[in-house]
Amino acid sequence: MGAENPNPALASALQETMNIVFVGHVDHGKSTVIGRMLADTGRLPEGKLEQVQALCERNGESFEYAYLIDALKDERAQSITIDSARVFFQSDQRHYIIIDSPGHIEFIKNMVTGASRAEAAVLVIDAKEGVRENSRRHGYLLWMLGIRHIIVAINKMDMVDYREDVFEAVRTEYESYMDQIGLQPQRYIPVSAVEGENVARKSDRMSWYSGGTILEALDSLEKEKPPDDLPFRMPVQDIYKFSRMGDERRIVAGTVVSGQVHVGDELIFLPSGKRSVLKSLETFHAPARSEARAGEAIGFTLDEQIYIQRGQVVARADEPPPAIAKRVRVSLFWLGRQPLVMNTPYVMKIGTARVEARVERIHRIIDASDYSTRTAEQVIGHNDVAECTLLLKHPIAFDLCNTISETSRFVLVDGYEIWGGGIVLEPVPDEESGLLDETIFREQKWIKSNVSMIQRAEKYNQRPALIIVTGKKGAGRKRLASAVERKLFDEGKMVYYLGIGSVLYGVNADLKRAKPGNNWHEHLRRMAQIAHLFLDAGLFLLLTAVELQEEDLRVFRSIIDPTLIETIWIGDIRTTDLAVDLQVSSNEDVDKAVERIKQMLQDHGSIFSPNFEMP
Ligand code: GTP
Ligand code: MG
């Protein structure tokens, strides 16, 4: 194409593909506009239009441009291809992938998961019916999904005699609605899809309108560049280990969603706060390179081996970091058939991270039909949009929706089913926010050992873990912890049992003296910091405490890598809200219980099974 085309800009634009989604209230004419566009750009196969028209006539129904889409589904037209959800079509300027979203739910699900991305939207409003519920709801969702290019087609102008005042009334109403959201469509175009006015052909029936057609509007949209001028972010997708044949590299892989990174940059992994320097960018069958930018899938090695997990966000130490919190205020939409119920656990997926999330407060439910709000609700119903506070099981790293949208969007899932999605508006400060800052600062100031955590793991043949045994007073916590310590020790593991009393009268003696029982949070903080030292030394640490609650564990999860924490409840009845990894019955044989705990450590990758690969 390039060689024949004398205009290089046009040639490159021709190779460009843009994803456009058509949204709007039912029957307002989305499919008709698309069908008309195909027909009027001369891209239809010879005789196709006549064929469909004839077919309609034979069946005694009136012809619809929307039928063209169906009629083309089964065949490959010259420059149009159609599959179940998309129309591939080409203008003089570039290629388009058009998504007609009759059942908008599927489309929204795909959008939030990143399975499909629309760069711009055409929102169709029926001039006669005016702004309806889905005109508003879809506008809101476009904002939430980060689509900033919106063209509003005010359709069926033929039904209102092409009157300017009708057009202006609809436009003013929609503009004032979108104003509340804080998003303004680029253009409003009066259209008659059935008559072909202002779709691909400029109308001469509306002399009062001086703007262009829908097609011109689409062609003039500028393709968004990957955001490489923003701070660097890469959600960790995977860690590839080459521990065979002398190759000790660990490659951290993921897609750069924003910014740029170079060999030699100091990187920070969040929320753990661990730091390391980028040593090499790995390439496969390609020349070595020294930098990568937004939009690229990359793999890199570090100059020091640290524990990294899928789900962490990599940032550059010299740039503004993402936020970290376990309480976040979000705006979300709910697609589940069953309503979203407060305090029920759902799984939140954000970037590559997965975390258990509960709605702690519903601030308001936004009625998409008139943008009025309801407060004091306890559930979020099907298709509702709501602002609420989520409490997460452990802290996550994220950005705010008005900074880097890729790392601020999330979905709520149940198994493989997506129930909802949204964007993070802001972190909500709480008791643990200070601890998170402390952890990040601790990692920054940490005096690094010459022996890496991974070398320790290899030597000791174990990955460190904090094993917390809790339950009611007298349930046998200490006995169980001691038995686990003995068993692991006898099997050559590096293990230590630390009872709360051991800390209370030593490290925490000052607290004990000051106000007995009144500084539980500080007790926990110190316990967690001590535990962190043991884990950094590569050990298994057993810790016992009476009736720990989820709230107590949150202190630990802010200070210690949550994936290294195991919780065991001893006793038949759980008296707190703690989510445990294992429960041991009060009359269970201790040896049996110890075996089960050992198995759990093996299953979770802390004790390496014979053919287990190093983390
Ligand atoms: P759903 O996919 O069901 O949400 O509808 P849609 O938005 O795709 O609407 P569609 O294109 O199927 O059009 C709905 C009806 O409106 C059809 O009968 C069209 O013929 C009619 N229609 C669409 N555009 C125009 C127009 O510009 N003028 C008139 N008079 N009718 C139109
Ligand atoms: Mg349709």
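Cysteine 388 is buried, with a relative accessible area of 0%. Cysteine 56 is buried too, at a relative accessible area of 4%. The cut-off for calling a residue buried is under 20% relative accessible area, and that is why the 4% of cysteine 56 counts as buried. As for disulfides, the structure holds 0 of them. A disulfide is a covalent bond between the sulfur atoms of two cysteines.

One thing to keep in mind while looking around: this is a predicted model.

## The chain as a whole

Let's step back for a moment. The protein chain has 615 residues, and 53% of them are buried. Its secondary structure comes to 16 helices and 29 strands. What share of the contacts with a separation of 6 or more links residues 24 or more positions apart? That share is 72%.

## Around ligand 1

Now for the ligand. Ligand 1 is surrounded by 15 residues, and the closest are Lys30, Thr32, Glu64, Asp158 and Ala193. Sorted by class, this shell has 6 polar, 5 charged and 4 nonpolar residues. Which helix gives the most to the shell? That's α2, residues 30-40, with 3 residues.

Several polar atoms of the protein sit by oxygen atoms of ligand 1. Lysine 156 brings a polar side-chain atom to 3.0 Å from a ligand oxygen. Valine 194 has a backbone N or O atom 3.2 Å from an oxygen of ligand 1, while for histidine 28 a polar backbone atom is 3.4 Å from a ligand oxygen. On its own, ligand 1 has 650 Å² of accessible area, and the protein covers 78% of it.

Glutamate 197 is found in the loop that runs between β7 (187-190) and α8 (214-220). Is this residue buried or exposed? Glutamate 197 counts as buried because its relative accessibility is 3%. Its side chain makes a polar contact with the side chain of arginine 205, at 2.9 Å. Setting aside neighbours within four places in sequence, glutamate 197 is in contact with Tyr162, Pro190, Val191, Ser192, Ser203, Asp204, Arg205 and Met206.

Tyrosine 162 is in the loop between β6 (149-155) and α7 (164-181), and at 13% relative accessibility it counts as buried.

## Arginine 94, another loop residue

Arginine 94 has its place in the loop between β3 (86-90) and β4 (95-100). With a relative accessibility of 4%, arginine 94 counts as buried. Where does its side chain reach? The side chain of arginine 94 reaches the backbone oxygen of leucine 218, at 2.7 Å. Arginine 94 and aspartate 219 are 125 residues apart along the chain, yet 7.4 Å separates their C-alpha atoms.

## Two backbone details

Aspartate 27 also has a positive phi, about 70°, without being a glycine. The loop between β1 (17-24) and α2 holds aspartate 27. At 61% relative accessibility, aspartate 27 counts as exposed.

The other detail is a cis peptide bond, which joins leucine 270 and proline 271 with an omega of about 15°. Proline 271 is in the loop between β11 (266-270) and β12 (274-282).

Terms used
Residues numbered from 1 in each chain as written. Chains lettered and ligands numbered in written order. Predicted model: local features only at pLDDT ≥ 70, side-chain atom pairs only at ≥ 80, totals over all residues. Heavy atoms only, no water. Helix = DSSP H or I, 4+ residues; strand = E, 2+ residues; numbered from the N terminus. Buried < 20%, exposed > 50% of the residue type's maximum accessible area, 1.4 Å probe, protein only. Polar contact = N/O pair within 3.5 Å; in protein donor to acceptor, adjacent residues only side chain to side chain. Contact = heavy atoms within 4.5 Å. Near = heavy atom within 4 Å. Areas by Shrake-Rupley, 256 points an atom, 1.4 Å probe, with all protein chains shown as cover. Nonpolar A, V, L, I, M, F, W, Y, C, P; charged D, E, K, R; others polar. Disulfide = S-S within 2.5 Å.
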